[in-house]
Amino acid sequence: MSEGAIGGTAATASSDPLEWQFLQCFGERTPGEEIQEADIISAVTFDHTGQHLATGDRGGRVVLFERVPTQSDALQKPAGPDQRATPASRLSAFEYRYLTEFQSHEPEFDYLKSLEIEEKINKVKWCRTSCGSRMLLSTNDKTIKLWRVGDRKVCSLANFNFGDGSHNGWSIAAGNTGANTSPARQKHPAGTEHRINFVEKLRMPKITGVEKVMQARCRKVYGNAHTYHINAISISSDQETFISSDDLRVNLWHLDHTNQSFNVVDIKPPNMEDLTEVITGADFHPSHCNLFAFSSSKGSIRVADMRSSALCDKQARSYEEAQATGSKSFFSEIISSVADMKWSSDGRYILARDYMNLKLWDLNMESAPVATYSLCDLYENDCIFDKFDCAISGNGQYVTTGSYNNFLKVTGRQGGAETIVEASRDPLRKRLQPQKAASRFGLSRGASKRLSTPAPADQDAGNTDFTEKLLHLAWHPEANLIAAAASNSLYMFCAK
């Protein structure tokens, strides 16, 4: 793989701290409100323009939002007779409104394996289309579906030739349009022919109104290709193929073919007792359809080139931070597992999140990440299995990830102060305290550049609320706007 294929122009300007403000919230909870398991958000993603936002939840539903037109757009393009006009008081630079929702997946049962398949949405990805339609991929643990969401015109008709008792005319029930339903062919109970008195003048039905209804239609179903649970899907830059990954394999699909897929990565050993790592995610390069990256539970990221061979087990490049001798502990392998990874928009960097750190990798340097952002201490409970999303801004200057207490942490790629935003209407409600001592477990995470800032007092192990965790988020592709999911609520923050 050549340097030019993966390289990009890196911005060198310093990243000044951003001042974040609350924008809006969908599904805000009231104090003491009981949360239904099916309403918890499990995936958040913007489309490539940022005009649409999609969320998936544990109930198998996909909810879509659209950006409210700005005041300049509203002035230049007046609303048509069948379009909703935007109130002048709600026009703003960035504001979203509910568009539609649909049931993407239903609970299933695998009778061969006696396994129940949940309807939970694991990932949602938008497709780029040239016809203006909205298309997206959604997946649960076993099945991937391609959806098309668009407007459907529903016409209201009137002035039919229905018999009203004042004259003898045809009376045809709604939906009965076949030739056999004609009154002329009907029989009397006695078997005699029924005589029809035709009306002297037929009335032509008229259209009294046209209404646009948002409708979601499943176009393709891609199934029966994964033995283990699907943890990631990603669409290539040419919008013709996509990859899906489970614990041991990465499959390549064509969007037009549902009956076959190609296995491009297979790390399953001949003997399962020799298994030492699993795949935790996969993502296509943003501009090169032949390159993709996949992460593992050992904390490594591998970039593969499909031009080199059909099976990409021998990756083109491997990015893994070497641990110091004697630094391994009981928790080290668990907390080093990569929970999420994202490419920068120029394809130069890869942002990876494990339990305790956020690491930024330069594709031209495999030895160590260019920056490591420490996030939290190691807690001795089951929370070490939590998987937090990460995101990188469209200009590549800022990175973000979620944490406990519904905190969102944003920092500059080049360093600088870390901003801690709380998922609430008062996002900057926090207190700072001096940096605490190193972790009592003494874990060493390499000699790369480490960026660390004071942690909020509420984030101390004694005050941490492990039930309030911000797992899923997405950064707008063109603006400093973040959509973050806290349980069943979707918060949106913007920065100046």
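Entry 1: I began with lysine 342, which at 22% relative accessibility counts as partly exposed. My cut-offs: buried is under 20% relative accessible area, exposed is over 50%, and partly exposed is in between, with a 1.4 Å probe and protein chains only. Lysine 342 forms a salt bridge with aspartate 340, and their closest N and O atoms are 2.6 Å apart. By salt bridge I mean a side-chain nitrogen of Lys or Arg within 4 Å of a carboxyl oxygen of Asp or Glu. Aspartate 340 is buried, at 7% relative accessible area.

**Entry 2: ground rules.** This is a predicted model, so I note that local features need pLDDT of at least 70 and side-chain atom pairs count only at pLDDT 80 or more, while totals for chains, interfaces and linings use all residues. Residues are numbered from 1 along each chain as its sequence is written, and side-chain values use heavy atoms, with hydrogens and water left out.

Entry 3: My search of the whole structure gave 15 salt bridges. One of them joins glutamate 366 and arginine 317, at 3.7 Å from N to O. Glutamate 366 sits in the loop between strands S22 and S23 and arginine 317 in strand S19, so this pair ties together parts that are 49 residues apart in sequence. Strands here are DSSP runs of E with at least two residues, helices are runs of H or I with at least four, and both are numbered from the N terminus. Glutamate 366 is partly exposed at 34%, whereas arginine 317 is buried at 11%.

I then checked lysine 469, which forms a salt bridge with aspartate 386, the closest N and O atoms being 3.1 Å apart. Both residues lie in loops, and the pair ties together parts that are 83 residues apart in sequence. Lysine 469 is partly exposed at 25%; aspartate 386 is buried at 15%.

**Entry 4: the whole chain.** I counted 3 helices and 31 strands. Of the 496 residues, 46% are buried.

Entry 5: Which way do S13 and S14 run relative to each other, parallel or antiparallel? They run antiparallel, joined by 5 bridges; strands count as paired if DSSP finds at least two bridges between them. A hairpin of 3 residues links S13 to S14, and threonine 241 stands opposite histidine 254. S14 pairs with S15 in the antiparallel sense too, over 5 bridges, with 2 residues between them in the hairpin. There, arginine 249 has aspartate 266 as its bridge partner.

Entry 6: The largest nonpolar core has 19 residues, and Trp20, Leu408, Val410, Trp475, Tyr491 and Phe493 touch the most other members. A core is a set of buried Ala, Val, Leu, Ile, Met, Phe, Trp, Tyr and Cys residues joined through side-chain atoms within 4.5 Å. The elements that give two or more residues to this core are strands S1, S26, S29, S30 and S31. Apart from it lies another core of 14 residues, including Phe26 and Leu490.

Entry 7: Valine 303 lies in strand S18 and is buried at 0% relative accessibility. Its C-alpha atom is 5.7 Å from that of phenylalanine 292, 11 residues apart along the chain.
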